[in-house]
Amino acid sequence: MLAIDQIKELHLARPFKPFRLHLADGRKYDVRHPEFLAFSRSGKTLHFVTESDSIDHIDVLMIVSVEEKPVGRGGSKRRKAG
């Protein structure tokens, strides 16, 4: 079992770095922004906003690992004037 404190640390990091939650049943959740994840008062459940704007409720005991994600490549890049 992964400590909830580790997830909270990643969630509150500034600057925020995207991370992925791996669940025991094989599901994966990419947390691309801190506002897409919320913690229940008890700390036993996470609430994740999906790409379709629904909310998945995740039992913390189902989380087996967390992986920090590299920043995506695909935005515009700034070029030096030259």
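I am working from a predicted model.

**Core**

I started with the largest nonpolar core, which has 15 residues. Ile 7, Phe 19, Leu 21, Leu 46 and Ile 58 touch the most other members. Helix H1 (4-12), strand S1 (19-23), S2 and S4 each give two or more residues to this core.

**Aromatic rings**

How many aromatic pairs does the structure hold? I found 2. Phe 16 and Phe 19 make a tilted pair, with 6.0 Å centre to centre and 55° between the planes. I count Phe 16 as buried because its relative accessibility is 18%, and the cut-off is under 20%. Phe 19 is buried too, at 0%.

Tyr 29 and Phe 48 form an edge-to-face pair, 4.9 Å centre to centre with 65° between the planes. This pair links distant parts of the chain, since Tyr 29 lies in strand S2 and Phe 48 in strand S4, 19 residues apart. Tyr 29 is buried at 6% relative accessibility, and Phe 48 is buried at 7%.

I also looked at Lys 8: its charged end sits over the ring of Phe 39, 5.6 Å from the ring centre.

**Pocket**

Next I looked up the largest pocket, which holds about 160 Å³ of space. Its lining includes Tyr 29 and Phe 48, along with Arg 27, Lys 28, Asp 30 and Glu 51. Which element gives the largest share of the lining? S2 does, with 3 residues. By class, I noted 4 nonpolar, 1 polar and 5 charged residues in the lining.

Technical notes. Residues are numbered from 1 along each chain as its sequence is written. This is a predicted model: local features need pLDDT of at least 70, side-chain atom pairs count only at pLDDT 80 or more; totals for chains, interfaces and linings use all residues. Side-chain values use heavy atoms; hydrogens and water are left out. On a 1 Å grid over the protein atoms alone, a cavity is a set of points where a 1.4 Å probe fits but cannot get out, and a pocket is an open set with protein on both sides within 12 Å along at least five of seven lines; lining residues have an atom within 4 Å of a point. Grid points are joined across faces, edges and corners, and a volume is the space filled by probe spheres set on the points. Helices (H or I, at least four residues) and strands (E, at least two) are DSSP runs, numbered from the N terminus. Ala, Val, Leu, Ile, Met, Phe, Trp, Tyr, Cys and Pro count as nonpolar, Asp, Glu, Lys and Arg as charged, and the others, Gly among them, as polar. A nonpolar core is a set of buried Ala, Val, Leu, Ile, Met, Phe, Trp, Tyr and Cys residues joined through side-chain atoms within 4.5 Å. Buried means under 20% relative accessible area, exposed over 50%, partly exposed in between (1.4 Å probe, protein chains only). Rings of Phe, Tyr and Trp (its six-membered ring) pair if their centres lie within 6.5 Å; planes under 30 degrees apart count as stacked, over 60 as edge-to-face and the rest as tilted. A charge sits over a ring if NZ of Lys or CZ of Arg is within 6 Å of the ring centre and within 35 degrees of the ring normal.
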